[in-house]
Amino acid sequence: KPPTPPITAACGSVEPGEAFVIGGVGGLFYLAGSALARAIKVDDPIEAFAVHGCAGFWGVLAVGLFGSEEVGGNGIFHGGENSGAQLGVQLLGALMITLWSGGFAALFFVPLKAAGLLRVSEEMQTMGLDEAKHSPRSAYSMGEPMTSTGKPVAPPREAPVKEVAVEVAVVVSTEADDGHES
């Protein structure tokens, strides 16, 4: 699964060959981020940190390195005027994105963790969320309420149904469009 974020930031500012290099190096950042997350035991099954955090961070910096003046960039590899400033702006931007995202994530996840609401129960963890929440039995219950373990909830008592008779009359016209009978 190749990460796409490395080239996302730079796509309008680099040449196609440079995009290839940025994507390749981004793949290395992805691999390093994935290994780091596993090493520090971060639960990230979709590897969002590796793809968006690591490879994406590289992609933002890559604009300051590879950006071509011909297509709207100003990277140091092209030696444009103030190209070093462009790299500085990209670094500042990447750091600000990290602080903004991390700060707001912490505002939500730290209280959830402290309240014990960030993880599912041991029973669900052991069963696996695919089975407990996303299996056809749970996900496609055809409107029947299910418990957290995927078992049907006892149906509520139903109110008696009143039968109502409706009469429908159908009128058929025998006149054609020109006003004559057919």
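Ser-13 touches Val-63, Phe-66, Gly-67, Ser-68, Val-71, Gly-72 and Gly-73, leaving out residues up to four places away in sequence. Contact here means heavy atoms within 4.5 Å. This is a predicted model: local features need pLDDT of at least 70, side-chain atom pairs count only at pLDDT 80 or more, and totals for chains, interfaces and linings use all residues. Residues are numbered from 1 along each chain as its sequence is written, and side-chain values use heavy atoms, with hydrogens and water left out.

**Overall build**

The protein chain has 7 helices and 0 strands. Helices (H or I, at least four residues) and strands (E, at least two) are DSSP runs, numbered from the N terminus. Buried residues make up 25% of the 182 residues. Buried means under 20% relative accessible area, exposed means over 50%, and partly exposed lies in between (1.4 Å probe, protein chains only). The chain exposes about 13,500 Å², and carbon and sulfur atoms supply 64% of that area. Accessible areas come from the Shrake-Rupley method with a 1.4 Å probe; for residues, only the protein chains shown count as cover. Of the contacts with a separation of 6 or more, 42% are between residues 24 or more positions apart.

**Two buried serines**

Ser-13 is found in the loop between α1 (5-8) and α2 (16-39). Its relative accessible area is 12%, so Ser-13 is buried. Ser-68 lies in the loop between α3 and α4. At 3% relative accessibility, Ser-68 is buried too. Beyond its neighbours within four places in sequence, Ser-68 contacts Ser-13, Glu-15, Glu-18, Gly-73, Asn-74 and His-78.

Which residues form the largest nonpolar core? The 8 members are Ala-10, Val-14, Ile-22, Trp-58, Ala-62, Val-63, Leu-65 and Phe-66. Helix α3 (residues 48-66) gives the largest share, 5 residues. Such a core is a set of buried Ala, Val, Leu, Ile, Met, Phe, Trp, Tyr and Cys residues joined through side-chain atoms within 4.5 Å. Leu-65 touches Trp-58, Gly-75, Ile-76, Phe-77 and Leu-87, not counting residues up to four places away in sequence.

Leu-107 sits in helix α4 (residues 83-114) and is exposed at 56% relative accessibility.

The structure holds 2 salt bridges. A salt bridge is a side-chain nitrogen of Lys or Arg within 4 Å of a carboxyl oxygen of Asp or Glu.

| Salt bridge | N to O distance |
|---|---|
| Arg-38 and Glu-47 | 3.9 Å |
| Asp-43 and Arg-119 | 3.0 Å |

The pair Asp-43 and Arg-119 links distant parts of the chain, 76 residues apart. Asp-43 is in the loop between α2 and α3, and Arg-119 is in the loop between α4 and α5 (122-127). Asp-43 is exposed at 55%; Arg-119 is partly exposed at 48%. In the other pair, Arg-38 is exposed at 58%, while Glu-47 is buried at 13%.

Glu-47 also lies in the loop between α2 and α3. Its phi is near 55°, a positive value in a residue other than glycine. Most residues other than glycine have a negative phi. Lys-41, in the loop between α2 and α3, has a phi near 60°. Lys-41 is exposed at 75% relative accessible area.
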